[in-house]
Amino acid sequence: MRITMAHGSGGQATSELIESIFAKHFANPVLSRMDDSGIVPGAGSLAITTDSFVVTPLCFAGGNIGALCVCGTVNDLLMSGAVPKYITCGFILEEGLEISLLEEIVISLADTAREAGVLIVAGDTKVVGGSGGLYINTTGVGFVPDHYPAVSGALCKEGDVILLSGTLGDHHAAILSARMGMTNPIRSDSAPLVQMVKNLMESGIRVHAMRDVTRGGLATILREFAAASDVSLRISEKLVPVDTTVRAFCDLLGLDPLYMGNEGKMIAVVDKEDAQDALRMMRGSTYGENTAIIGTVIKCESHHVFAETKTGGTRILSALHGEGLPRIC
Amino acid sequence: MSVDYRTFLREYDGKPIRIMEVCGTHTRAIAHEGIRGLLSPKISLLSGPGCPVCVTVTQYIDTLITISKVPGTTVVTFGDMIRVPGSTQSLSEARADGAKVEMVYAPYDMIRLAKEHPSEKYVFAAVGFETTAAVYADLLGEIIASEITQITFLTSLKIMPPVLEFVCKTNSVIDGFLAPGHVAVITGSDVFTPLAEKYHLPFAVSGFSGEEILLAIYALVKMITRQEARVMNVYPSVVTPRGNISAQSEVDRYFEKTDAAWRGMGIIAESGLTFRGEYKRYDAGSFGLYEDVGTHLSCQCGLVITGKKSPEDCPLFGRLCVPERPQGACMVSSEGSCCSHYMNRGD
Amino acid sequence: MCVALPGKVIETDGKHAVVDFQGNQVRVRAGLVAIKPGDSVLVHAGCILQVLPSDEAEYMNKLFAELDLL
């Protein structure tokens, strides 16, 4: 059975769709009231984020758009030092979408929300003409505990140590592999980093900045930190974890893992005295087993990000130009 | 190896040496691995005409764009070609205007496209040096065997020895060449020997990892200081003196040498490959594409490509000419000298 | 213009082959050089250019010896 324009009309078909798919899998006391707004308790420093998910294909090795939209939203809140509590989901469904596929995505979304400890408290469904596509918009809400250290890309200090929670490029490579029909075992790493961030923030470790490594890759974030904090950064490419198959995939297409997106990896910039503790903490957290110390913050006239290459030379990481076209020759 | 070649290269204090590399993949690898910083300031690396996208003249791009706008025809290309500016626009801009342009990873993907869309005509932007010419020759064999008639090629195929000779004749400051390792897989390393002997310059055939490039530079510096003008194969696990004979004869079967226009250098005799004889039926209009109209009056691509100027010497570099708004081909391709310099030196 | 990567031949029918690049399996053309499953090969733009030696160390040793003489 497929989505038709009738499902978007607001009438009987819409109610049935909502009951049988969304309400069924997202059930919680707030949502079940089916009011126009979710009324929820909460006070303090509010963190709000919004994101839209337009990935194709909808399902790929290691995940789907449903799991992705929770991870992306939750991770954005976490990186600001907030504890994620609630999300909303606005679905735009294209006519022709298989309802069984929609349900699979919704179940995945619900499972990931449960893992991340967030409630889905409001939603919307619209249907447009098309050929079976699906887009999701989310808003995420969290609260910043008073006892958490303030984190910001502008707070990196000379001497700070940079940690990366795992291998680069997995998600981007999985999506491209799916689109190109490339046979390999690469899986998206989409994951909610709730436990890792909680461990870091509650440990007393002096965390100065955190960011999840999404579109634009590690290089983009490091450049942003350097500019915001008025420092330079220096990393060693030999220390940056990249899965062997992902590395070969990148070589085949002329892509650079330092500029590729992940959906379940983060960097943390911490005081150098706390570096080993942070490493242990992140390695001991879910999704952090490959955490590595990859570099340091240095003082320099420029805001450059220096990378020591595997040959022992130095290159400066520039901005990502263009859309990262696969290069062949 | 008993010699510490890294220390030798870092501490070299003899006569200043200028080495030219002539392969876009070397240009990129050298920038990407930060090789220049590992060399003594007395050893300079120049970038030569080794990026096939960068040496393609504007008339070729303009012709591709015209073809892409013909109903029922799709232009197929590798990624980098799509952003090279012709005299008025690039293929990517033409695509935004509605022209049909597809990108593939390998020329071989054309066969699948043709079978999936039997009534569509495909024109492949066949750009490259000897390495890729062999791939096109192999593809053509398959196209003929499969009796596919809807694929043709607009070729901008070039070969190295004539342009190397051009550089040797016009640029007297080069002391030695880093020779392209994968071109040599096809041609054999002996192809550089006549040039080494005629111009008394050493050639080191090099692989593409940072370590292999350092070894090849070491070999060159040593040969230069000993005044040895010969070809040394520093990539012996892959390159042989005579190369891949059957690949050479495949190329020879379908292509013949013709004059070709190189951006910034004009026409160099017998430096290109176009379809021969009965195979001209696979050609989409490649012969005689010689016009080269610079997009900006101050564009120095021609001088950069021949190693006469470095990217920083161009008044447009990093100001009017950046990867987002390339004024010339050297900035478009990630293997172009200007783009490589820009991307790895900060902005 | 010469990005070429080493991989291992998984299977071949003479004209085509499936080559494994550290877990990425790609179908490529095999018309330019005679190959068999298990061979290490160099692939450029979807086409096998060369068979690589199974023991590269031997070549490197000879090369280093030659470089030592310079």
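Is Cys338(B) buried or exposed? In this predicted model, Cys338(B) is buried, with a relative accessible area of 7%.

Figure 1. The closest cysteine sulfur to that of Cys338(B) belongs to Cys330(B) and lies 4.6 Å away. A disulfide requires two cysteine sulfur atoms within 2.5 Å, so the 4.6 Å separation is too far for a bond. Cys338(B) has a relative accessible area of 7% and therefore counts as buried, the cut-off being under 20%.

**Figure 2. Cys339(B) and its nearest cysteine sulfur.** Cys339(B) takes part in no disulfide. The nearest cysteine sulfur, 8.6 Å away, is that of Cys54(B). Cys339(B) is also buried, at 4% relative accessibility. Over all chains, the count of disulfides is zero.

**Figure 3. Packing of helices H3(A) and H4(A).** Helix H3 of chain A covers residues 65-79, and helix H4 of chain A covers residues 99-116. Their axes come within 6 Å and cross at roughly 30 degrees. Angles under 35 degrees count as roughly parallel, so H3(A) and H4(A) are described as roughly parallel to each other. The crossing of H3(A) past H4(A) is right-handed.

**Figure 4. Residues at the contact of H3(A) with H4(A).** H3(A) contributes Ile65(A), Gly66(A), Ala67(A), Cys69(A), Val70(A), Cys71(A) and Val74(A). From H4(A) come Ile105(A), Ser108(A), Leu109(A), Thr112(A), Ala113(A) and Ala116(A). Sorted by class, the contact has ten nonpolar residues, three polar residues and no charged residues.

Note on methods:
Residues numbered from 1 in each chain as written. Chains lettered and ligands numbered in written order. Predicted model: local features only at pLDDT ≥ 70, side-chain atom pairs only at ≥ 80, totals over all residues. Heavy atoms only, no water. Axes fitted to C-alpha atoms, helices over the stretch in contact; angles between N-to-C directions. Helix = DSSP H or I, 4+ residues; strand = E, 2+ residues; numbered from the N terminus. Parallel < 35°, antiparallel > 145°, perpendicular 65-115°, else oblique. Left-handed = near helix turned anticlockwise from the far one by under 90°. Contact = heavy atoms within 4.5 Å. Nonpolar A, V, L, I, M, F, W, Y, C, P; charged D, E, K, R; others polar. Buried < 20%, exposed > 50% of the residue type's maximum accessible area, 1.4 Å probe, protein only.
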